[in-house]
Structures are given as C-alpha cells and as structure tokens.
Amino acid sequence: MPPKSPRPRRIIAHAPPESFVGRAEPLREITGLASPKAGRQGVILLAAPRSGASELLRQSFDELFRQRGGAAPVYFAFTRDDAASTAAARRFLHTFLTQTIAHRRDDSALVSASPTLRALLELAAPSDYEWVERLIQSFERAADEGDERALVRLCFGAPQQAAARGVRTVVMLDDVHVAESLRGEVALGHAVADAAAESGAPFVLAGLRRRMLDLVSGAAQHAGLDSLRKLHLDRLKETDARALLEGLAERYGVPVSEETRDLAVQQLEARPYLLNSVVEAAVASGSSLNSFRDFQSLYVDELLGGRVGRRFGAVLAELAPSPPLRRNLLRVMHESASVAGGKSPVEVWMKRLGADVVEFERMMRLAHVHELASFHATFVETTPGPVWRDFLNASYRLQVAVEPRALVVADTLVEMLKRAPRTMARHYRREAALNLGGLMSRFNTEEIPASLLHYDRFARMYRGVVREEVQSGLETETDSVRLPQIVHAASCASFHPPMLQFCDEERCAVAHGLEGGGYAEAEDVVWIAAEVESKLEAGRALTELWLDRLEQVAASCGFGRVRLWLVSREGFTAEAAELLSEREAYGSCREQLELLSARLGLAGEGVENGPADEFAIELPMGEDTELVAAHTVEQIARRMEFQPEDINKIKHALIEACINASEHSLSTERKIYNRFRVEGDKLVITVSSRGLSAPTAAPENGFSPDKNGSDAGAKGRRGWGLKLIRTLMDDVEFERVDDGTRLRMTKYLRK
Amino acid sequence: MSEQLAGGSPPASQGDEVAVVYAGDYVNKLSGQRIERECLTRLEHGCRALVISFRDTELVNSIGVSILLGVIDVAERRGARVAFSNVSMHTVKLFELLGLTRLVVLAEDEEVALSTLKEFARAPGSGGH
C-alpha cells in the first residue's frame with residue numbers, strides 16, 4: 001500500500017478537503033482563475049440559498065493558498081454587521097492586505113490574525129513594502145478627509161494597485177447581495193462590481209442567485225459583468241448529499257443509519273447548509289442519527305431554535321424589522337402557502353400587510369432574493385421548499401396564533417414523523433417514474449414504428465419475444481408514426497395544478513410542439529402523456545378515467561390540437577386498447593417506452609431505468625456462507641457477460657475476502673456486508689465487516705510455501721488471502737474504517 | 001488399492017500402497033481437514049502414494065490449500081508421494097500460484113494418476129522428490 005500523503009491543512013475552510021463533496025467542477029473553475037493563462041477573468045457565482053457557496057469559496061481559498069508561488073487568494077464576505085459601506089470597505093482592505101501578505105510569506109497563521117495595517121506593513125516582504133505602504137498612506141489620508149466615495153473606491157481598488165505592481169491575486173467576494181443593503185452614500189453593490197471589473201485581476205463575485213442575476217443582466221445590470229463566466233450552484237446531487245452526510249457523521253462521530261441518512265437528504269433538499277446544521281446539532285446534543293425519530297427531533301429543534309430557525313428568523317427580521325409587520329408577514333405568507341398553488345395577487349398581499357408601496361416592494365424583493373417567495377409584477381407565490389414551509393408553519397403557530405411552544409413542538413414532531421414514510425415513498429416513486437416529459441422533450445420529427453405507440457399491435461407482434469428479435473422486427477415494420485418536434489415540455493401540474501390530486505408531478509407531462517413541414521406551415525400540437533399506475537394490464541375503466549382527465553386538462557388549458565398518450569407498465573387489456581383506438585390516443589407499455597427511448601438515443605437517461613446496478617447481501621460469518629456470496633456474484637458476473645475464467649476469479653476473490661473478514665475481525669455482530677455494483681464495464685465488489693481488526697496470526701505471505709518445520713510451515717501456509725485477491729482482481733483497496741474493515745475489489749470486463 | 005471419499009467413507013484398510021481420496025465440491029477448512037484426516041490415516045496404514053481427486057470440486061479456498069500443503073508435507077516426510085487429479089483449470093492456476101504444482105504430480109484423471117504413482121510405489125527405495 002503506498003504511503004499516505006499528509007492531509008492538506010485547513011486554513012479558512014470549515015470542512016477538510018476530503019469531506020467537501022459534490023463541488024469538484026466549480027472548485028476547479030475557481031481555482032483555475034489563478035493560472036496565468038486565465039488572464040483577468042472573472043466568475044459570477046449564482047448561488048441558491050443554503051447551497052454551500054461560502055464553503056466552496058473557502059475551500060478554493062485553501063487550495064489556492066497551498067499552491068505556493070501562485071496568485072494570492074483573498075476571501076472576503078460582506079456582512080450586515082458592518083452596517084455601513086465604509087466599514088465594509090475598511091474591512092476589505094484589511095482582509096486583502098492580511099491574506100495577500102500571508103500568502104506571500106506562506107504564513108497561514110497570519111490569515112486568522114488581526115494585525116493593524118502598520119503591523120502588516122512590517123510583515124510585508126521587501127518587494128511589497130512600497131506598494132503596501134503607499135496603499136496604507138492613501139487609505140489613512142482618505143479616512144482623515146472623510147470622503148466616503150474615495151475611501152470605498154480606494155479600498156476596493158486595492159487588487160488593482162497590487163496587480164499594477166505585479167502582485168497577482170484572486171479576489172473572492174462572498175455575499176455580494178448583502179453589500180447593497182449597507183448604509184452609506186455609495187451604492188456598494190455597484191462599487192464592488194465596478195472595482196472587480198476594473199481590477200485587472202481574476203475575481204469571483206458570489207451571492208444569492210436572484211440578486212446576482214439582477215446585477216449581471218437584470219435591473220441593476222453592470223456592463224462589465226454580463227460577459228463573464230457564470231457558475232450556478234444549487235442543491236447537491238443526491239449521491240453527493242448522502243456522501244456529505246456520511247462524511248460529516250463520520251468526522252464528528254455521529255452514528256447514522258442508511259435509512260435516516262436517506263430521509264435527511266430528501267427532507268433537507270440535499271442542501272449542504274442544512275445537512276451540516278443537523279449533524280452539528282446532533283454533535284451538540286450528543287444525539288445519533290440512527291432512527292427517523294432521532295433525526296426528526298433534531299430537525300424540529302433546529303427549526304424552532306437552532307441554526308436553521310435563526311437563519312430564517314434573521315431573514316424575516318430583515319424583511320420586516322418591526323414585530324407587528326413581521327407577524328403580518330408571517331400570517332400572509334402562511335395563508336398564501338396554504339392556498340393550492342401558493343399564488344396570490346400583489347394587491348391582496350399589499351392590502352393584508354398594510355404596508356405602503358415602497359415598503360411592500362422592498363419586502364417582496366428581499367423575500368424574492370432569499371427565495372422565500374417569488375415576486376412577480378402581478379402576483380406573489382410562496383416558495384414550496386419544505387424546510388421553509390415547516391419553519392413558516394411552526395413560526396405562524398408560535399408568533400401569530402400564539403399557541404404554547406410545547407404544543408407546537410409536539411405537534412410538529414409528530415407531523416414530521418408521520419411525514420417521513422411519505423417523504424421516502426415520494427422519493428422512491430420519483431425515482432421509479434418513467435420521465436415522460438424528458439422523453440417527449442427529445443422528440444424531433446423522428447419516424448418510429450407505429451407499434452411503439454399502439455400496445456395492442458405491439459402485444460400481438462412481440463409479446464414473449466426476446467428483445468433482440470423485437471428490435472429486428474421493429475426495423476422491418478412498414479407502418480410508422482412521425483413524432484412532432486417538441487419545443488417545450490413540463491409537468492402537467494405546472495399547467496394545471498389540480499392534476500397533483502391524481503398523480504405525482506413527474507408522472508404526467510405536457511409537451512408543446514410542431515407537426516409536419518417547416519416552421520411556417522407546421523401545425524401546433526400538444527402531447528399530454530401520463531403514466532397510469534396498474535400492476536397488471538390497465539383495464540378499460542381505468543384507461544377511460546385517465547383519458548377523461550387528460551382531455552379535461554386540455555380543455556382547461558385551452559390546448560388546440562392534442563395527442564393523448566397513456567403509458568402503463570404492463571400495457572392495456574384488449575378492451576382498453578380498443579378504447580384508446582376509438583379516442584385516437586396512443587398507449588404503450590414500459591417495454592415499448594424503453595425501445596422508443598433507445599431509438600431516440602436516450603437509453604440510460606432516465607426513461608429507461610436500466611438494469612439494476614447494485615446488489616447487496618448480508619451474510620452471517622461462518623458455516624461456509626461465503627459460498628452464498630460466491631454464487632450470487634457468479635449470477636451477476638454472468639449477466640454482465642464476464643468470461644468463465646474471470647467469473648471463477650471473481651468468485652474466488654470474494655470467497656477469500658469473506659474468509660478474511662471472518663478471520664480478522666473481532667466482530668460482535670458476526671456479519672459480512674457484500675455489495676456488488678455494476679459500473680459500465682466493471683464490477684465493483686465491496687466486502688465490509690464491523691468490529692476491531694484482529695491482529696493477524698500469520699504474517700502476510702509470499703506465494704512460496706514454507707516447508708521448514710511444522711509450526712513455522714503451518715503459519716507460512718496462511719495469510720495468502722489478500723495477495724490472492726490482488727492477483728485475481730484488477731484493482732483492490734483495503735482500508736480500515738472507524739468501525740471495521742472494508743475491501744473494495746474491481747474486475748474489468750474483457751470480451 | 002482402496003478408494004475413499006473425503007468424510008463419511010468406509011475406514012481405510014491396511015496394506016494398500018496407493019489410495020484415492022475424493023475432495024468435496026468446496027475445499028475449505030472443514031472439508032480440507034477431512035481430506036487431511038483421511039490421507040493421514042492412509043499414510044499411517046502404510047500407503048506410499050496418495051491420489052487426491054478433485055473431480056467434484058468447484059472451489060478451493062486458501063485455507064483448503066494450506067491444509068493440502070500440510071498433507072503434502074507429511075507425505076513427503078513419510079516418503080510417500082501425492083498426486084492431484086481431475087483438477088479444474090482455475091484450480092490448477094491457483095495451485096500454480098501458490099506453488100503446489102511443484103510439490104505434487106498433476107494428472108488429468110485418476111487412472112493416469114494411479115498408474116504414475118503405482119510406478120513410484122513399486123520402485124524399490126524410492127522416496128522423496
């Protein structure tokens with residue numbers, strides 16, 4: 001095993017680099033700014049609330065700081081604590097000089113110190129002394145003169161001054177949306193954007209996306225920014241969010257079960273800030289995350305008095321500083337959220353809030369920026385984010401309905417526990433959905449065999465036929481259907497919210513497109529597709545019900561030419577197919593959908609969920625149970641079409657791994673966990689067990705049997721497991737984890 | 001000559017010079033120890049050559065291999081010879097990897113193994129490798 005390299009040191013990042021997951025691409029983009037090839041590029045980071053933008057910048061800072069000799073990273077976050085723009089400007093200058101000098105001295109301790117400007121001058125390298133001194137003198141002069149504009153310009157112009165002296169920096173300005181709320185005669189948001197655009201050095205401007213968009217291309221547009229690279233930062237992918245939570249839990253020693261981890265990821269919308277908050281709350285209270293109840297208790301505490309609640313509370317206080325106005329705002333938001341669709345006319349909001357136009361606009365713009373509501377010209381819509389809604393409900397009951405806190409806590413906790421299985425069920429259904437909207441959005445006038453849209457024909461021709469033969473049959477079909485060119489596809493509920501009563505959002509989609517000829521002479525058409533839930537072939541009554549529903553959607557939305565398409569996993573009965581034909585609707589089963597998806601080049605992109613790619617079994621140790629694992633992996637390897645010789649190698653390696661796990665772990669639960677993951681052209685097997693790793697009775701052996709002396713010989717004949725595994729598999733990683741051992745083996749498919 | 005199944009087989013009779021012992025479908029610690037016991041019994045009864053047949057064997061794990069090595073060891077010390085027969089290609093590779101093929105005769109089947117070892121058993125004063 002190669003020697004482990006020392007862990008990179010943390011400077012301002014909160015998480016160790018190895019625990020910072022799911023943001024490799026933006027991290028690479030930001031750190032790439034330090035390359036001399038990057039020139040004076042800038043990046044606008046458009047961050048969704050609680051998406052972890054600040055940590056991304058801090059990680060970027062640390063990574064750049066560790067690259068000695070390159071551009072000096074500077075991280076500065078605007079905060080309301082500065083109150084005035086001059087205070088923010090002064091703090092920026094101080095931060096800029098501290099971090100630049102720290103980098104040039106390779107003195108990371110200086111980053112967190114607060115030396116005076118004069119002390120910094122003493123610390124500056126001789127080559128920097130002159131420009132740092134000049135900058136400090138200019139600053140002191142501007143401060144004495146009380147010229148706010150000059151002071152702000154000077155402070156935020158520091159990177160430009162440094163660049164002019166050949167000192168390269170990458171300035172990362174965080175929470176830029178806060179800058180404009182600071183008091184002062186200078187519009188700081190604009191001043192910062194000006195300074196960044198003119199700095200001659202690479203920079204990052206980061207902030208809440210809705211406000212940053214205004215700054216880049218909206219009402220507050222700044223000419224120098226619209227051509228810059230824009231990075232969008234939203235919630236994590238679910239796999240990354242799971243990894244983040246697991247990593248945090250491991251780091252802080254918080255026990256977490258897989259079920260609770262998955263629930264937390266769903267309920268907390270895969271947002272890094274929220275995931276962090278819950279784990280930190282678990283650490284603070286000494287709780288675990290082993291059960292739904294553990295998690296929901298922490299979640300409710302976080303909402304009602306923890307970091308999450310305080311953060312939402314602070315935003316609400318910024319929106320509505322006076323308590324009566326805040327109560328009103330809570331009431332209106334809560335009531336609006338309870339309305340189906342969550343939308344209300346602007347006039348209603350204004351009247352109910354009792355605020356004048358200016359105050360109302362200010363409040364709504366802030367609510368919009370923080371994504372608590374969407375503020376449009378004529379209506380306001382409460383954001384459907386579940387965490388915000390939970391906070392809103394609890395806050396309404398506490399502050400508006402003035403219910404006893406204990407009752408609100410108890411009710412909220414019970415409600416959360418009752419909701420947990422629904423949340424997970426919703427997640428599973430979403431994962432299992434056929435993604436009809438995604439499929440239709442790829443229609444582009446292709447001509448496809450008609451049997452793919454007519455289940456009765458498909459069943460007649462291909463039922464019980466193997467996939468290869470079906471595909472050849474489709475190639476020879478003469479009857480075809482030309483698909484429309486779809487220009488827009490969205491969920492049916494986004495056109496007609498009442499559909500949510502009948503099915504999940506992703507199971508019914510509306511696609512607008514054009515049929516026949518060029519754009520000028522083509523006819524508009526709207527395809528409405530729905531996934532009908534039926535374990536067997538869908539019957540006539542169910543089919544009729546769905547056709548009626550979709551026709552109702554078309555009528556309600558005023559769609560002209562409409563094509564209805566129902567998809568039922570197992571297809572339709574003869575009577576249902578007859579009805580589909582009578583009403584000129586299409587009907588397909590899952591297999592037809594997969595074939596259609598493959599023809600459109602979409603295999604593996606959601607419509608076809610693809611073959612199962614991960615298998616897991618849990619074995620009791622002993623009693624030859626490794627054979628069970630070996631036979632399981634044999635089946636999987638056969639499905640993947642591994643050569644028989646390789647299948648034997650895989651089986652053997654797995655047997656050795658299981659024996660290793662049994663022999664070398666002082667496991668109290670006596671279980672071996674096997675995971676088999678099919679990843680494209682490779683099979684990845686993970687064998688893990690919990691418990692302490694027992695000291696090995698025999699040393700790691702070479703392959704030559706030792707035959708000198710019985711005892712030494714017996715010992716010499718053991719301890720081959722890991723070496724055998726390394727010979728039999730292509731990649732092998734063995735690691736000791738906190739609570740046991742894990743062996744990861746990979747075999748590549750060679751056909 | 002007598003033929004013995006590893007485990008659950010009739011007791012070995014005295015006087016046979018060559019014995020065949022059958023390994024089970026999975027040679028692990030337990031079944032390896034059965035083979036070992038059977039082989040040691042045969043050797044104690046004067047057997048000078050052992051054939052271990054792997055005709056039913058699908059897998060041999062590293063513990064099984066270590067026990068087989070022990071059998072070879074004992075046989076060598078007693079001047080007896082060991083042959084493996086009907087070994088699958090995968091298991092042959094495993095034995096090669098762990099150096100067993102240098103210590104035993106590998107025969108395609110039991111007949112070939114027996115005839116090879118009979119020659120050895122008849123040879124006066126033969127012993128060792």
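**Helix packing, a hairpin and a loop residue**

Trainee: How are H12(A) and H20(A) oriented to each other?
Mentor: This is a predicted model. Helix H12 (residues 258-267) and helix H20 (residues 405-432) of chain A have axes that come within 10 Å and cross at roughly 80 degrees. Angles of 65 to 115 degrees count as roughly perpendicular. H12(A) and H20(A) are therefore roughly perpendicular.

Trainee: Which residues meet where H12(A) touches H20(A), and how does the contact divide by class?
Mentor: From H12(A) come A:Asp262, A:Leu263, A:Gln266 and A:Gln267, and they meet A:Ala420, A:Thr423, A:Met424 and A:His427 in H20(A). By class, this contact of H12(A) with H20(A) has three nonpolar, four polar and one charged residues.

Trainee: How are H19(A) and H20(A) oriented to each other, and what is the handedness of their crossing?
Mentor: The axes of helix H19 (residues 386-400) of chain A and H20(A) come within 10 Å, with a crossing angle of roughly 160 degrees. Angles over 145 degrees count as roughly antiparallel, so H19(A) is roughly antiparallel to H20(A). The crossing of H19(A) and H20(A) is right-handed.

Trainee: Which residues form the contact of H19(A) with H20(A), and how do they divide by class?
Mentor: On the H19(A) side are A:Ala394, A:Arg397 and A:Leu398, which meet A:Arg405, A:Val408 and A:Thr412 in H20(A). The residues of this contact of H19(A) with H20(A) divide into three nonpolar, one polar and two charged.

Trainee: Which residue in the hairpin of E18(A) and E19(A) takes a positive phi?
Mentor: Strand E18 (residues 671-679) and strand E19 (residues 682-690) of chain A pair in the antiparallel sense over seven bridges. A:Glu679 stands opposite A:Lys682 in E19(A). Two residues lie between the strands of this hairpin, and the one with a positive phi, near 60 degrees, is A:Gly680.

Trainee: Is A:Thr625 buried, exposed or partly exposed?
Mentor: A:Thr625 lies in the loop between strand E16 (614-620) and helix H28 (626-639) of chain A. A residue is buried with 20 or more C-beta neighbours within 10 Å and exposed with 12 or fewer. A:Thr625 has 17 inside 10 Å, so it counts as partly exposed.

Trainee: Which residues is A:Thr625 in contact with, leaving aside its neighbours within four places in sequence?
Mentor: A:Ile655 is 30 residues from A:Thr625 along the chain, and their C-alpha atoms are separated by 9.1 Å. With neighbours within four places in sequence left aside, the contacts of A:Thr625 are A:Leu619 and A:Pro620.

Methods
Residues are numbered from 1 along each chain as its sequence is written. Chains are lettered from A and ligands numbered from 1 in the order in which they are written. This is a predicted model: local features need pLDDT of at least 70, side-chain atom pairs count only at pLDDT 80 or more; totals for chains, interfaces and linings use all residues. Helices (H or I, at least four residues) and strands (E, at least two) are DSSP runs, numbered from the N terminus. Two residues are in contact if their C-beta atoms, placed from the backbone, lie within 7 Å. Axes are lines fitted to C-alpha atoms, for helices over the stretch in contact, and angles run from 0 to 180 degrees between N-to-C directions. Angles under 35 degrees count as roughly parallel, over 145 as roughly antiparallel, 65 to 115 as roughly perpendicular and the rest as oblique. Ala, Val, Leu, Ile, Met, Phe, Trp, Tyr, Cys and Pro count as nonpolar, Asp, Glu, Lys and Arg as charged, and the others, Gly among them, as polar. A crossing is left-handed if the near helix is turned anticlockwise from the far one by less than a right angle, and right-handed if clockwise. Two strands pair if DSSP finds at least two bridges between them.
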